Amino acid sequence: MKNLEELKIMRDKAQKDLALRSGKHNIKIVIGMGTCGIAAGARETMNEFLNLILKSERNDIVVTASGCFGFCVQEPMVHIYAEDQIPVTYHNVDVEAARLIFDEHVLNNKVVEQYIFQRGKTNE
Amino acid sequence: MNNIRTQLLICQGTSCVSNGAVEVVKAFKAALKEAKLDKEVEIITTGCMGICELGPVMVVYPDGVFYQRVTPEDTREIVQEHLLKGRVVQRLFYKKPDTGELISIMEEIDFFKLQKTIARRNCGIIDVNAIDDYIGADGFVALGKVLTEMTPQEVIEEIKKSGLRGRGGAGFPTGLKWEFAAKAPGKQKYVLCNADEGDPGAFMDRSMLEGDSYSVLEAMMIAGYAIGANQGYIYVRAEYPLAIKRLEIAIAEMRKYELLGKNILNTGFDFDVEIRIGAGAFVCGEETALIHSIEGKRGEPRPRPPFPANKGLFGLPTVLNNVETLANIPYIILHGAENFASMGTEKSKGTKVFALAGDVTNTGLIEVPIGITLREIVYNIGGGIPNNKKLRAVQIGGPSGGCIPEEHLDARIDYESLKELGAIMGSGGLVVMDEDTCMVDIARYFMNFIQDESCGKCTPCREGTRIMLDMLTKICQGKGKMEDLDVLEELAVRIQDTSLCALGQTAPNPILTTLRYFRDEYIEHIRDKKCRAGVCKSLLKFEINPEKCTGCTVCAIKCPVKAISGEKKKPHKIDQNICIKCGVCYDACRFNAIKSH
Amino acid sequence: MSKMTIVEPKASPSREKYDQLKKFIVENKDKRGYLIPALYKAQELFKYLPPEVMEFIAQEMNLSESEVFGVATFYSYFKTNPIGRHTITVCMGTACYVRGAQKILDELEKKLGIKEGETTEDMRFTLGCQPCFGSCGMAPVIMIDNHVHGRLTTNMLDAILEQYK
């Protein structure tokens with residue numbers, strides 16, 4: 001490290017790794033990972049979200065797994081929690097849907113009506 | 001960069017390690033691989049999280065779920081259930097001791113909720129060995145700031161303004177110390193870090209070196225810039241092998257990043273650090289003794305003045321700061337002196353790390369704003385005294401400190417108020433003692449410690465403490481006289497007045513405070529030949545309660561002097577003339593039939 | 001010590017150790033105040049500090065023998081008598097003391113048949129005490145070699161000692 005500029009570049013890079021631990025996240029994507037969720041392709045959905053976050057270079061979006069939501073036939077199901085907004089639950093979120101939800105809802109604040117399952121309070 | 005969605009922060013402090021935290025990490029690695037999650041879940045090995053009682057402990061982020069007493073056998077369940085399926089493992093949650101309520105989030109546990117972390121800001125969050133993690137947490141930004149935007153005098157002014165005082169014991173203003181060394185004439189100067197944490201009951205310096213050694217090293221460099229030194233030594237005691245190892249790694253990483261050596265960050269500032277390992281002498285925590293030890297001599301103190309700021313290591317101007325003091329420095333530079341000074345009391349600013357140990361439910365490390373009361377620490381953070389026992393005293397400040405009784409628990413602790421109570425802030429060891437503790441025996445214990453550790457250079461400390469120890473031992477054996485109490489008090493004052501260094505000057509504090517607050521216990525030992533806590537064995541009498549004794553004969557078989565007799569299945573008896581009061585029968589009885597008083 | 005003759009190590013296992021010690025001293029000869037690290041190195045190599053090793057250090061570092069001896073005996077870490085294969089150190093810090101360290105020490109003395117500061121005849125264990133290793137959160141604790149065993153009760157000692165042959 002030769003100078004202060006290099007240090008600052010390095011810090012910005014390293015901060016991403018610490019962001020997960022900060023407890024400060026603007027958007028949380030929760031994916032139902034019960035047995036039926038996984039069987040319906042929730043793992044692929046989760047991987048897609050992770051890839052999308054990486055590409056977006058955003059530090060404030062996290063993905064977590066949650067247990068079964070109880071609607072096996074609607075899996076994979078995804079909740080989106082964004083700061084100061086009503087949480088939204090989507091159903092049948094395959095890889096295609098994940099891309100759409102990420103671009104529209106997560107990045108641009110527009111709810112994707114076509115996959116919506118429920119608005120407002122969830123069981124989570 | 002990997003596509004990481006979850007991080008497992010696993011504490012690798014000494015306490016957790018000796019409870020199997022290294023094996024837990026290994027087991028997690030295997031379980032993650034098995035579940036094919038090793039690409040998206042990362043393991044971060046952190047420093048001490050503070051709550052040693054519950055170790056090994058870990059936190060899952062971003063959820064923030066806290067698990068305690070984790071074993072290698074639990075790891076597969078955590079991976080399969082929590083990480084894969086999102087179902088938290090409730091049986092590993094923290095359970096509130098009074099209500100049994102389960103708490104899943106670390107910040108919601110009382111122990112953490114009431115803390116304010118400045119010196120320990122990175123402990124338990126960053127990976128102990130990863131310099132990148134430290135940089136991500138604004139590491140070396142304070143160093144960059146002082147090197148490019150501040151003059152040495154401005155740095156000193158900022159530290160003075162913050163009101164930071166030495167955390168090693170005496171509480172000398174840090175900025176002033178730096179100013180003296182900066183003004184001292186001479187080209188070659190030194191920065192020393194005192195990590196010879198010898199007070200029994202104190203372990204905050206160890207945990208900070210284990211958990212965030214980079215902060216301490218960065219602060220040494222800032223001090224070096226402020227006073228005009230380019231060489232630092234960090235003196236660590238030999239009993240802390242893990243801290244030494246992590247410091248070695250940190251120094252090597254910093255050299256690799258050219259953050260140590262010549263022309264640091266292209267500013268023309270040179271600095272290097274060397275580790276020196278202590279060799280088991282408590283007195284080396286005293287600054288002049290420590291300097292002698294680094295010079296390769298016997299660690300004996302010398303009279304001051306001259307102070308180390310003028311004549312220190314190898315006779316050259318030297319600044320010597322304690323680990324915790326230094327850990328505060330980068331924060332002050334980054335967030336400003338006002339921010340730091342907004343915490344604490346009028347004369348004691350900032351936070352203090354305390355090591356909470358002894359008879360208290362949550363043992364571990366805590367960092368709290370100065371000015372908090374002992375009662376808040378013991379009951380709200382520490383969770384009170386286990387086994388429904390009553391509190392007898394809180395010992396604060398190690399062998400130089402004192403025992404504070406229940407009635408003073410509401411005093412706000414800062415440097416001045418503790419002095420008024422006869423104790424000192426010291427390094428911040430807080431040992432809670434319940435009703436089973438004999439205060440005369442505790443005074444004897446500390447005097448025994450001082451006797452062992454007195455370097456022998458000056459007579460009041462070497463001989464005076466020997467006489468006090470003999471007197472206390474006699475009192476514990478029931479052979480004391482009432483006059484002894486007056487002699488003890490007089491000797492104590494003389495030793496305080498005439499000893500060369502702080503070790504001798506403060507050595508009588510445990511005796512003086514116990515005499516002040518627990519005089520009735522001394523009198524009971526002398527006049528009534530009684531030890532109410534049942535600690536002083538010579539004063540004990542063991543007896544068998546015939547109503548509870550089943551005649552199982554176990555005690556009679558175990559008694560080493562055959563003092564117990566009786567027929568099988570009939571109550572036994574102890575012959576007091578033969579009994580040597582070893583207590584073996586008491587420990588052996590399964591029916592609670594033997595009582596000691 | 002004055003009666004000792006100058007040591008001329010012959011070809012023997014200890015010869016190699018003297019060579020290593022000498023190498024260490026030469027490598028660090030420019031560093032100031034390096035006597036204590038040299039004593040560390042010597043104790044690491046020889047397991048303790050016999051008089052002839054201290055004499056050797058004095059010669060190589062150009063110090064008086066009394067200075068080397070004075071420093072070595074000041075610090076409790078340096079041992080001038082042979083020690084066992086494993087060192088058991090009972091923590092006698094305040095927290096451990098309050099939680100029953102004395103009982104642990106008594107029990108170890110009984111089990112090993114030695115007193116504090118002594119070594120068993122089979123050279124398996126040396127028993128000692130130290131004021132506090134900073135593991136107060138797990139009091140009472142003992143350290144065997146570099147490993148800390150915490151939250152001890154006397155019943156656990158047999159199983160722990162069993163791990164060290």
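This is a predicted model: local features need pLDDT of at least 70, side-chain atom pairs count only at pLDDT 80 or more; totals for chains, interfaces and linings use all residues.
Modeller: Local features require pLDDT of at least 70 and side-chain atom pairs count only at pLDDT 80 or more, while totals for chains, interfaces and linings use all residues. Residues are numbered from 1 along each chain as its sequence is written, chains are lettered from A and ligands numbered from 1 in the order in which they are written, and side-chain values use heavy atoms, without hydrogens and water.

Biologist: Which strands of chain C stand at the edges of the open sheet of 4 strands?

Modeller: Strands are DSSP runs of E with at least two residues, numbered from the N terminus, and two of them pair if DSSP finds at least two bridges between them. The order in chain C is β2-β1-β3-β4, with mixed pairing. One side of each edge strand is left without a neighbour in the sheet, because each has a single partner strand: these are β2 (125-130) and β4 (147-149) of chain C.

Biologist: In which sense do β1 and β3 of chain C pair?

Modeller: Strand β1 covers residues 86-91 and β3 residues 142-144. Val90(C) stands opposite Ile142(C) in β3(C). Over 3 bridges, the sense is antiparallel.

Biologist: Which residue of chain A forms a salt bridge with Glu40(B)?

Modeller: A salt bridge places a side-chain nitrogen of Lys or Arg within 4 Å of a carboxyl oxygen of Asp or Glu. Between chain A and chain B the count is 3 salt bridges. For Glu40(B), the closest N and O atoms are 2.7 Å apart, and the partner is Arg43(A).
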